[in-house]
Amino acid sequence: MIKDFLDLEKKIGYNFKKQELLTLALIHKSFASEVKDAKKNKNYTKHNEKLEFLGDAVLDLALSEILFVEFPDDDEGVLSKKRASLVNEEVLAKIARQLELERYLMLGKGELQTGGDKKPRLQASVFEALCGAIFIDAGYSEVKKMISIQFKEEIASLDEKIHFAKDYKTRLQEVIQKKYKVPPIYHLISEAGPAHEKEFFSQVVVGDKVLGIGKGKTKKEAEQMAAEKALKETE
């Protein structure tokens, strides 16, 4: 095991029993594709997307439980908003940068040349893959412990007025419902880019009137951006 991986394990507070899981969590599809094409080391021809898929679900469950215990007086709606304010690209990428995961992420040459290690989407994805890897290696309790530590600062600073100010869709819903007596509707206009780095474009409308258009790395993010622009026009 290389020294960098020892450093990484120290940062996340967990030592892997199966080092191949940690390695797999750090392999991006672009790197695996290049290695496979070059018929090099077979240990590097798989990539982290399945671990990312698993880690996404583990994060949702762990943070749901943590918030349930931490905020016993909050109802389901408030807890859902708090979880959404934590499980998003911005926060996950921030935690990934704090752990310096970009130092360990294995990317293909093309992805590196376009600054892939600095892309929030890839940073967030590798953190999710890391969560999935710990879950497979040691189970739920161990990964929940790691998640609790890494999100401690974010959870401690949760404040509905501050953190939920960015929930533009909720605010727009209230404004439009009051003004037009009908809810705003969101439409996906288009999507562009490769599968691992897509951009989505959405618009929000009332009747035939387009209130705002936004783009994002996910459909939800694009809708939030559209709602933000609509609010600037209506408030």
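This is a predicted model: local features need pLDDT of at least 70, side-chain atom pairs count only at pLDDT 80 or more; totals for chains, interfaces and linings use all residues.
Colleague: Why are α4 and α8 called roughly perpendicular to each other?

Modeller: Helix α4, residues 49-70, and helix α8, residues 120-138, pack at an angle of about 80 degrees, with their axes 6 Å apart. Angles of 65 to 115 degrees count as roughly perpendicular, and α4 and α8 are therefore described in that way.

Colleague: Which residues of α4 meet α8, and how do they divide by class?

Modeller: From α4 the contact takes in L51, E52, L54, G55, D56, V58 and L59, which meet R121, S125, F127, E128, A129, C131, G132, A133, F135 and I136 in α8. The residues of this contact divide into ten nonpolar, three polar and four charged, with Gly counted among the polar ones.

Colleague: What makes α4 oblique to α5?

Modeller: The angle at which α4 packs against helix α5, residues 76-86, is about 130 degrees, and the axes are 10 Å apart. Roughly perpendicular covers 65 to 115 degrees and roughly antiparallel needs an angle over 145, with the rest counted as oblique, so α4 is oblique to α5. The crossing of these two helices is right-handed. In the contact, D60, L63, S64, L67 and F68 come from α4, while L79, K82, R83 and L86 come from α5; by class, five are nonpolar, one is polar and three are charged.

Colleague: Why are α6 and α8 described as roughly perpendicular?

Modeller: Helix α6, residues 89-98, and α8 have axes that come within 8 Å and cross at roughly 75 degrees. With 65 to 115 degrees as the range for roughly perpendicular, α6 and α8 therefore receive that description. On the α6 side the contact is made by E89, L92, A93, I95, A96 and R97, and on the α8 side by P120, R121, Q123, A124, F127 and E128. Seven of the contact residues are nonpolar, one is polar and four are charged.

Colleague: How do you know that K82 lies over the face of F71?

Modeller: The criterion asks for NZ of Lys within 6 Å of the ring centre and within 35 degrees of the ring normal; K82 lies over the face of F71 at 3.6 Å from the ring centre. The charged end of K169 likewise sits over the ring of Y186, 4.6 Å from its centre.

Technical notes: Residues are numbered from 1 along each chain as its sequence is written. Side-chain values use heavy atoms; hydrogens and water are left out. Axes are lines fitted to C-alpha atoms, for helices over the stretch in contact, and angles run from 0 to 180 degrees between N-to-C directions. Helices (H or I, at least four residues) and strands (E, at least two) are DSSP runs, numbered from the N terminus. Angles under 35 degrees count as roughly parallel, over 145 as roughly antiparallel, 65 to 115 as roughly perpendicular and the rest as oblique. Contact means heavy atoms within 4.5 Å. A crossing is left-handed if the near helix is turned anticlockwise from the far one by less than a right angle, and right-handed if clockwise.
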